[in-house]
Structures are given as C-alpha cells and as structure tokens.
Amino acid sequence: VVLLVHGGGWQRGDKAARGVIENKIARWLPRGFIVISTNYRMRPDTAPLQQAQDVARALALAQNRAAEWGGDPARFILMGHSAGAHLIALLGAEPELARAQGARPWLGTISLDSGSLDVVQTMQSRHLPLFDRAFGSDPASWLAASPYQQLKGRMVPFLAVCSSRRSDSCPQAHAFVDKAQSFGGRASVLEENLSHGEINQQLGLPSDYTRAVEQFMAMLDPAVAGRLDDQARRVASLPVIISR
C-alpha cells in the first residue's frame, strides 16, 4: 500500500490534485498496489507537528482497514511531496508520533523534495515567508517539528529525492541521510535535475527517475519487488500452451 501525502506549504493543497495522484495511480494500480491519498488540517489553524499527527492517524486508519481492501497492514510505504515530505520525514525520524496515534510500523519512507528536513537550519537561514507562516518564531517549535533534530535512532528505510535546482534541498537531504546512516538505518539520496513540482508530477511516468524510486521500493520487501518486476508481470500474462 502506498500512502501519499500532498504538499502546499503547510497551508493549502488537496489529496485529489492531479500532480499528486495521476501518474502514480496509472503506474502502480495495474501492478496490484493500493494507492491512498490523504489530507490533513492546514495552517494557520494547525501547526506542522499536529499535521504530522493527522497523517499518522490516517496511516493508522488505513492500516486497520487494509485487509478489507486486499492489502497488508504491515506493507505500507509513506510517500510525500514538499510539505507532505516534511511531515512523513518527521514521522520517520520520530516514530513515537505515529505510534501514539495508533499507527504500526511501515516498510519505508519516500520524501519527494521535502520543504525542509532541518527546520532549525531553514529558519536560521534566508528563507521564504511561507516558512514563517508554517513554523512561527519560536525556536522550540522549530526543534520539535524538525526531522533532522528529532532523528535520534535507527529509522525505517528512507529515500530522500531532492531537486538539484534548489540550493538547499540536496544539502539538507544528504545531511539527514548521513545522520540516519550513522544510526545504522538504510537511507539514500536521489538527486534529480527536475523542478520542485516536476519531482512530484513526473513520478510514475516511464523514466529513469521512476525506475530509481521503484528500485528503493523493491528492496523494502519481496512482495513489493514482485509487483514491480515488469518482466515477471509480462511472463505471467502470457498464455499457457500445453503440448502433447
């Protein structure tokens, strides 16, 4: 099961947006995946830490109902873009946030060009006003909502896709992954020469980029790998001819 979390600067966006779901559904539904897209409450009413808790509750609900849909509650992959990538990275870094909402462990986390992986660094550097609206002026709040600072132990496998066109995206991705690896976690960075929006929109189209993400997905679990094996899928669809 792939659980998608949309972006939008922590203050807008929707689970049904075409850029969030269209190409991913077209790619993965025929391969037997269940694809779920979730909303969460927005700024200014709901702070990012509480937004992450919203995502955790959505994960818990989906895990509880997975068997009804033919899925496995133990075989979930979290995938988010921009603000959504920050939220799932925070859950990966501090899984107690998810457990407290009833969520169970998941297979891995795919961060698609996170809005920030080190909120403290973002807020202490030159940044866009949207970050002030999202994270406010309290350093304690920055710390609590920062995946990098909350990462204090081994996490589930993590892939950080970053846009090489953004000056701070890949450096933060590498720093976060280095820290995750220092705790023994499986984590890697995938740098892409795509814009922030293209990293979300183009995932699922036939490309080296999509295949690289799927390589990460495949290593998470043999059942996932089997669904992503195009050659095996084509062979399985061939007619059976019995000669006498």
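Which element gives the largest share of the lining of the largest pocket? Keep that in mind while going through these close-ups of a predicted model.

**View 1. The largest pocket and the residues at its centre.** This pocket has a volume of about 510 Å³. Its lining counts 30 residues, and S82, G115, F131, R166 and H196 sit nearest the centre. Elements giving two or more residues to that lining are α1 (18-28), α5 (119-124), α6 (129-135) and α10 (196-201).

**View 2. Who lines the largest pocket, and with what.** Here's the reply to the opening question: α10 takes the largest share, with four residues. Sorted by class, the lining of the largest pocket comes out as 19 polar, six nonpolar and five charged residues.

**View 3. The second largest pocket.** Its volume is about 230 Å³. Of the 14 lining residues, V1, G32, D72, R75 and R227 are the closest to the centre.

View 4. The 13 residues of α11 (residues 208-220) should span 18 Å at 1.5 Å a residue, and the end C-alpha atoms are 19 Å apart, which agrees. Tucked away as buried residues of α11 are Y209, T210, V213, E214, F216, M217 and L220. Looking down the axis of α11, these buried residues fall within an arc of 150°, so they line one face of the helix. On the face of α11 turned away from that buried side, you'll find the exposed residues D208 and Q215.

Notes:
Residues are numbered from 1 along each chain as its sequence is written. This is a predicted model: local features need pLDDT of at least 70, side-chain atom pairs count only at pLDDT 80 or more; totals for chains, interfaces and linings use all residues. Side-chain values use heavy atoms; hydrogens and water are left out. The expected span of a helix is 1.5 Å times one less than its number of residues. Buried means under 20% relative accessible area, exposed over 50%, partly exposed in between (1.4 Å probe, protein chains only). The arc is that of the directions from the helix axis to the C-beta atoms. On a 1 Å grid over the protein atoms alone, a cavity is a set of points where a 1.4 Å probe fits but cannot get out, and a pocket is an open set with protein on both sides within 12 Å along at least five of seven lines; lining residues have an atom within 4 Å of a point. Grid points are joined across faces, edges and corners, and a volume is the space filled by probe spheres set on the points. Ala, Val, Leu, Ile, Met, Phe, Trp, Tyr, Cys and Pro count as nonpolar, Asp, Glu, Lys and Arg as charged, and the others, Gly among them, as polar.
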